[in-house]
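Here is a walk through one protein model, from its aromatic rings to its strands and a helix. Keep the structure open as you read.

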Amino acid sequence: MQRLSIALAISILFSFVGVSQTETPSDSLKKPEKRVYTTTSIDQNEAPKIDGNLNDAAWSLVDWATDYVENQPDNGTPPTEQTKFKILYDDKNLYVAFRCYDAEPDKIEKRLSRRDGFAGDWVEINIDSYNDDRTGFSFTASVSGVKGDEFISNNGNNWDSSWNPIWYLKTQVDAEGWTAEIRIPLSQLRFGKADNQVWGLQSTRRYFRNEERSLWQPVLPNAPGWVSEFGELRGLKGLQPQKQIEIQPYGLAQLDTYEGEEGNPFLDGSDTRFTAGLDAKIGVTNDLTLDVTINPDFGQVDADPGAIALDGFEIFFQERRPFFVENKNIFDYNFAGNQDNLFFSRRIGRTPQGSAVGSAIAYVDQPDNTTILGAAKFSGKTQDGWSIGVLESVTDKEYADVINEDGSEEEVLVEPLTNYVVGRVQKDFNNRNSFIGGIITGTHRDLEGKLNFLHQNAYSGGLDFKHNWKERKYYVEGSAVMSQVNGSEEAITQTQQSIVHLFQRSDASHVSVDTTRTSLMGTGGRFEIGKGGGGDWRYNVGGNWRSPELELNDIGFLRQADEIRQYANVFRFFNKPTSWYRQGNIRFNQFSSYDFEGNYNRMQYEIGSWFNFKNNWWGEIGGAHKPRIYINSFLRGGPRWRYSEENYFFAFMGTDGRKKLSGTIGYVHSQAKQDNFGLRRYELRLNYQPLDALSMSLNTEFENSPNKTQYVSQQDFNGTTRYITGEIDQQTISTTLRVNYNINPDLTIQFYGQPFISRGRYSNFNYVTNATAEDLNERVSLYDTNQISEQDGGFLIDENRDGTTDYSFGNPDFAFVQFRSNLVIRWEYIPGSEVFLVWSQGINGLGDADNDFNTIIDTQLLQQRPRNTFLIKATYRFVL
């Protein structure tokens, strides 16, 4: 099988080379010539009034740009309705006027949404003011007056909607269609110092009725990027650097109510908090910005979705906090696929890692998060093609308040004073077709008390590059990283034994636990080559590695070390509409993986297809075959484990998203040989917008995931470790409800709620006899009725049947319930300044797994008193 996988990878690589040498007709389409729009400057006293009327005298100074070309679904054809725009500028602002023609103005879709909602008809302008062919600023104007703004990076592969600049918009509907008038302060953009500048320029219009996109600068189907395909904006002369200075203080008042605990002074039923902080944005130069936050608050941010993991690994949650989300692309360093990254900002302000719980302690008030004393980001891109990002943050010591059994009180340190730093740089060259970059990170803790299990310091660094050629159709990219962690013998031993590393694996000869070590150093990286765009085909082949000693989790995210992976992907796009579809694709991917001992652990083949049909419905189907599944971590330090061969498939269907009511249904089915494990997941997603101002969405998932060999425990039996598994019947249901009501584009009411329930019931306990046996019956041995008995909430094992208990383990059954909700009233009373009124609720519960879902919902959810949080937060943005 190993020879087969290598041969397959080689054959795929040679087939890629063959395809690249003989292009299909679609691949050889001529790239459209760059369009040019020439603007002119005006005095500030001549500036047009931003009211949606385009009758200001200043607009007569420049010509209209028009002749938009349809991009989707029928690329290269005339659009149903034409669009045109004009651009002016003065010393402080850029002005844009749009005329969107529509023969039936009464049918223009005026749907409201929250900012960045992109509902209804809209028109957009994208500006590459760096003119680097990779980054840009996007401003979207919906006909209803809702703004959308995003920072574009990685040549259009990343659109950061957390970027919220100050700009001004008014729209109007008239007999010819609708208009939009925009003023963008130049302080919100970044550009060089040249006296005569050229910027990249693109404009997109969404014609809602036909779900049609048309572009000012034509772009071929499956182009190798987005920003690199822009036209040009010329006529920008004498622009002066705009050193942006914005200061945004905030004040907050919060009340928490919850069910009190008699006798516990820390849980008396309510808590109050009053706090203030400040965010600032300072333009150090016209293209480099310093962002500073002091005592930041993230009270209005959505709660994390419910999740439960039985494999022992950390669950990855997306960053949601505005300070860290904005411009996160500059600091991103994903080097091995999945979520593995040298910088994971959720480490900053994390839940304290120490604990004050103990046998002699009566009551504990443990903080939920670490206080961020302050953080600063210095970031931007220079005219010479340097992207620069430096982030520094300090988190405070955190103490748990403790009342001992004897009545004495004390504070216990549970998180040390910690400093985090990240530095990132990239340099464009070769006419912006190539870049090379690097990153360094550092974590330093001021350890004291009983926190020697933490690393004293941790460092990582990396180099990355990408080169494009042949009009960016083909590329090669790669990265390499190195990490070092230092600490006490206890800290490094704990790292070696963590589930990320598992140096104690009983059958591993290439790693072992060394309890005298005080540091670890590891490496990782990736290399990939492929065709990234242009025509109907895309493909790539590559590999990545993470050495056993690689450790990133002080400030990065690493799920598991000790892996070498090879992969290959092929995509075939169908971009020309036919009588039954608008567009679609078919894809194939394959990967195999090994550990650093040379064990051949995984092989997987997957195929899938997605099509958008003529009626704007869509469908997606796919399946995979996994002939080889070995897992080093399954037995938590035990031998390498073999899962039975697996097959799975999925199917999803969605209705026309333009309709007032639209939906998606989906099904995922997985089954392993000998019923080793399985998965049945059912998904239903509904979106309903009965009014332009009101929208609702409901996403429900039900999952049944049985497994005959779910890990339970490991116990000692006469000097031999017994790895115990059991048959689990796990069922999980979650529902996410969102309701948005827009009183106007600047005043919105938003609700988010998610109940999450997961129940697992175990039976047929067994122990591992041959972890790598192909036959499941040889892999484990079931306990018979003479060997296992239940007592006092656990199980007693008499394995040798001599009437004496040899070992025991607890009952692993569980029923976990969580409910999170957030009701937010947001008012942007002037651009950039906001008031938030927030009501949050939360419930966590553990209960009896023998109950059915209805009983669990009643006893663990409906009958519990939730924790309520009420807060009011006000910000004011000073622009200096």
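Start with the rings. Across the whole structure, a search finds 45 aromatic pairs. This is a predicted model, and each value here is computed from it.

Take one pair as an example. Where do the two residues sit? F634 belongs to the loop between β32 (618-631) and β33 (641-643), while Y711 is in strand β38 (residues 707-717). The pair therefore ties together parts that are 77 residues apart in sequence. The cut-off for buried is under 20%.

Rings also gather in a group. Y130, F137, F139, F151, W163 and W167 form one aromatic cluster.

K377 lies over the face of F323, 4.8 Å from the ring centre. K873 lies over the face of Y250, and there the distance to the ring centre is 4.9 Å.

Strand β13 (residues 212-215) is another antiparallel partner of β12, with four bridges. Y207 stands opposite E212 of β13. β12 and β13 form a hairpin, with four residues between the strands. Look at E211 in the turn: its phi is positive, at about 45 degrees.

Next comes an open sheet. Which strands build it, and in what order? Three strands do, in the order β18-β21-β22, with antiparallel pairing. β18 (361-365) and β22 (409-415) stand at the edges. Each has a single partner strand, so one side of each is left without a neighbour in the sheet. On average, neighbouring strands of this sheet are turned by 30 degrees against each other, direction ignored. Follow the contact between β18 and β21 (residues 398-404): four bridges join them in the antiparallel sense. I361 has N404 of β21 as its bridge partner.

Finish with helix α6 (residues 853-862). Which of its residues are buried? F853, I856, Q860 and L861 are. Seen down the axis of α6, the buried residues fall within an arc of 85 degrees, so they line one face of the helix. On the other side of α6, N854 and L862 are exposed. What does the buried set pack against? The buried residues of α6 pack against β37 (694-704), β39 (720-744), β40 (747-768), β45 (814-830) and β46 (833-846).

Key: Residues are numbered from 1 along each chain as its sequence is written. This is a predicted model: local features need pLDDT of at least 70, side-chain atom pairs count only at pLDDT 80 or more; totals for chains, interfaces and linings use all residues. Side-chain values use heavy atoms; hydrogens and water are left out. Two strands pair if DSSP finds at least two bridges between them. Helices (H or I, at least four residues) and strands (E, at least two) are DSSP runs, numbered from the N terminus. Axes are lines fitted to C-alpha atoms, for helices over the stretch in contact, and angles run from 0 to 180 degrees between N-to-C directions. Rings of Phe, Tyr and Trp (its six-membered ring) pair if their centres lie within 6.5 Å; planes under 30 degrees apart count as stacked, over 60 as edge-to-face and the rest as tilted. A charge sits over a ring if NZ of Lys or CZ of Arg is within 6 Å of the ring centre and within 35 degrees of the ring normal. Buried means under 20% relative accessible area, exposed over 50%, partly exposed in between (1.4 Å probe, protein chains only). The arc is that of the directions from the helix axis to the C-beta atoms. Contact means heavy atoms within 4.5 Å.
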